[in-house]
Amino acid sequence: MNLISGVDITSGALTAQKIRLDIVAQNIANAQTTRTPEGGPYKRKIVSFENELVKRAGGSPLQTISVSSISADKAPGQAVYNPQHPDAGPDGTVQMPNVNLAFEMVDLITASRAYEANLSVVKNSRTLAMKTLEIGK
Amino acid sequence: MSVIGSISPAAINALPLKGLDPAHKPVIAAPLPDGMRLAQPAANFGSVLEGLVSTVAEKQATSVDLTKQVLLGNNDQLHQSVIAMQEASVAFSLMVEVRNKLVESYQELMRMQV
């Protein structure tokens, strides 16, 4: 019994956008990190989404989304001349992470708007269901 | 020569007039198998209602469980918990509507003159 139709799809989308938001938070937080467990500066992470088919009994197969992978951005970071830095190389330059705050802000706003759109779907589905129950009154 | 005059009486007689023939009534719905009585229902009404109520209870239990997981910090899927709560609320409203209808029909029966 699924009263609010499409709620599985929206739930998947909300989860995916939330992961994207978390990754943006991680990227911004590590914008100055020059030392990571893998060695070298922090690499910006990118989330990629994939389509997932939801099969349901007696209904049409619908498509939801999920996060397929979180991969590192391969673009090189800036080399900043800073000989006082503990991670500076022999030539006095430090490899900085390839995080661009402008890109991250755009990603953040896109993710939060997408999340809001999905929330509106849930809200409207619920309103429709409640309105339908008022038929009998 | 007019168009109507061109139709010969033989052609009119050849047209199928089953719709006007009282022996050939148009079939709107398939007749019931045994007069007014429907075939035996697959499940009785009580068990259908019981299933509805237990589904609603199950939904509420799921919602409570998800909310507890979020509140305890084991899970950060806040939206899933809220969506489960909303779904449980809609399911409960549906159950209440069904109950209201049932009580209404029962009272209607009690008011019946014998």
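This is a predicted model: local features need pLDDT of at least 70, side-chain atom pairs count only at pLDDT 80 or more; totals for chains, interfaces and linings use all residues.
Local features need pLDDT of at least 70 and side-chain atom pairs count only at pLDDT 80 or more, whereas totals for chains, interfaces and linings use all residues. Residues are numbered from 1 along each chain as its sequence is written, chains are lettered from A in the order in which they are written, and side-chain values use heavy atoms, with hydrogens and water left out.

The contact (heavy atoms within 4.5 Å) draws 18 residues from chain A and 17 residues from chain B. Together the two chains bury about 1,600 Å², of which 67% lies on carbon and sulfur atoms; buried area is the accessible area (1.4 Å probe) that two parts lose on being put together, summed over both. Of the area that chain B buries against chain A, 34% is supplied by B:His79, B:Ile83 and B:Val90, more than by any other three residues.

One salt bridge is counted between chain B and chain A, the term denoting a side-chain nitrogen of Lys or Arg within 4 Å of a carboxyl oxygen of Asp or Glu. This salt bridge is formed by the side chains of A:Lys18 and B:Asp76, at 3.1 Å from N to O. A:Lys18 lies in helix α1 (residues 7–29) of chain A, helices being DSSP runs (H or I, at least four residues) numbered from the N terminus. Because its relative accessibility is 17%, A:Lys18 counts as buried (under 20% relative accessible area, 1.4 Å probe, protein chains only). Not counting residues up to four places away in sequence, A:Lys18 touches A:Tyr115, B:Asp76 and B:His79.

Conventions: Helices (H or I, at least four residues) and strands (E, at least two) are DSSP runs, numbered from the N terminus. Buried means under 20% relative accessible area, exposed over 50%, partly exposed in between (1.4 Å probe, protein chains only).
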